[in-house]
Amino acid sequence: MDQVTRKHLDNLRSNDTNARYESFQYIINLTHQPVDWAYEVWNDLLLLLHSKDNHERAIAVQVLSNLAKSDPEKRMLKDLDKIMVVTKDEKFVTARHSLQSLWKIAVVDKSLQQTVTDRLAKRYKDCITEKNCTLIRYDIIEVFRKIYDKVNDEKVKEKALDLVETEEDLKCRKKYSGLWKDVIHADKK
């Protein structure tokens with residue numbers, strides 16, 4: 001790993017919010033493509049999931065999600081549950097940012113796709129008692145849509161639409177379905 005990247009990774013724990021954000025942006029942009037240093041930082045990022053700082057927890061999930069494409073050893077399959085914990089974070093914004101990044105893991109390969117969509121389906125069902133259930137469910141259905149748009153797997157679409165159909169609140173069901181409106185209309189033609 002080069003010194004600039006190392007500096008930016010170290011800055012992810014900085015108390016200077018501007019430096020931390022700048023470094024986060026740098027690392028996210030860098031990890032849009034596979035990198036050869038993923039395992040040098042993997043365990044540190046897993047530890048960061050437990051940071052007292054909610055920004056650091058969100059950063060850890062988002063960077064790990066981006067690093068899934070740089071994971072030939074398939075560590076993500078065993079570490080996904082650690083990431084899923086942060087989707088229930090006490091700070092709702094942290095939970096949302098974490099949840100919204102999961103599609104990046106799911107599009108890496110079929111095994112991760114299956115594992116992520118299974119976890120998301122469970123999260124969708126289990127969040128019914130949570131304060132922000134409607135937003136959580138919307139985010140989950142949106143993540144399914146992002147996965148579908150990348151992999152074009154009918155099973156992903158079917159699973160998402162099956163979840164939407166379980167929604168008892170018709171207004172929410174319509175809102176969630178709206179994410180799939182173009183696909184649903186294309187299927188009817």
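Predicted model: local features only at pLDDT ≥ 70, side-chain atom pairs only at ≥ 80, totals over all residues.

User: How many disulfides does the model have?

Analyst: A disulfide requires two cysteine sulfur atoms within 2.5 Å. The sulfur of cysteine 133 has its closest cysteine sulfur in cysteine 127, at 3.5 Å, which is too far for a bond. For cysteine 172 the closest cysteine sulfur is that of cysteine 133, at 7.8 Å, again too far. The count of disulfides is therefore 0.

User: Is cysteine 172 buried or exposed?

Analyst: Buried residues have under 20% relative accessible area. The value for cysteine 172 is 11%, and cysteine 133 is also listed at 11%. Cysteine 172 is therefore buried.

User: Where does lysine 74 lie, and what is its phi?

Analyst: Most residues other than glycine have a negative phi. Lysine 74 lies in the loop between helix H4 (54–67) and helix H5 (75–86), and it is partly exposed at 35% relative accessibility. Its phi is positive, near 60°.

User: Which loop holds asparagine 152, a residue with positive phi that is not a glycine?

Analyst: The phi of asparagine 152 is about 50°. With a relative accessible area of 54%, asparagine 152 is exposed. It sits in the loop between helix H9 (133–151) and helix H10 (154–165).

User: Which residues are in contact with aspartate 139, leaving aside its neighbours within four places in sequence?

Analyst: Aspartate 139 is part of helix H9. Its relative accessible area is 1%, so it counts as buried. Once neighbours within four places in sequence are left aside, the residues in contact with aspartate 139 are Arg96, Leu99 and Gln100.

User: Which helix gives the most to the lining of the largest cavity?

Analyst: The model holds 1 cavity of 30 Å³ or more, and the volume of the largest cavity is about 50 Å³. Its lining is made up of Arg6, Leu9, Leu12, Arg13, Val41, Asp44, Leu45 and Leu48. The most, 4 residues, come from H3.

User: How many residues of that cavity lining are charged?

Analyst: Asp, Glu, Lys and Arg count as charged. Among the lining residues are Arg6, Arg13 and Asp44. The lining has 5 nonpolar residues and no polar ones, and the charged residues number 3.

User: Which helix gives the most to the lining of the largest pocket?

Analyst: The largest pocket has a volume of about 210 Å³, and its lining includes Thr17, Tyr21, His55, Ala58 and His97. The elements that give two or more residues to this lining are helix H2 (17–30), H4 and helix H6 (92–100). With 5 residues, the one that gives the most is H4.

User: How many charged residues are in the lining of the largest pocket?

Analyst: Arg20 is one of the residues lining this pocket, and Arg belongs to the charged class. By class, the lining has 5 nonpolar and 6 polar residues, and the charged count is 1.

User: How many residues in the lining of the second largest pocket are charged?

Analyst: The second largest pocket holds about 160 Å³ of space. Its lining consists of His32, Asn66, Lys69, Trp103, Lys104, Val107, Val108 and Lys150. These divide into 3 nonpolar and 2 polar residues, and the number charged is 3.

Conventions:
Residues numbered from 1 in each chain as written. Heavy atoms only, no water. Buried < 20%, exposed > 50% of the residue type's maximum accessible area, 1.4 Å probe, protein only. Contact = heavy atoms within 4.5 Å. 1 Å grid on protein atoms, 1.4 Å probe; cavity = no way out; pocket = protein on both sides within 12 Å on 5 of 7 lines; lining within 4 Å. Points joined across faces, edges and corners; volume = space filled by probe spheres on them.
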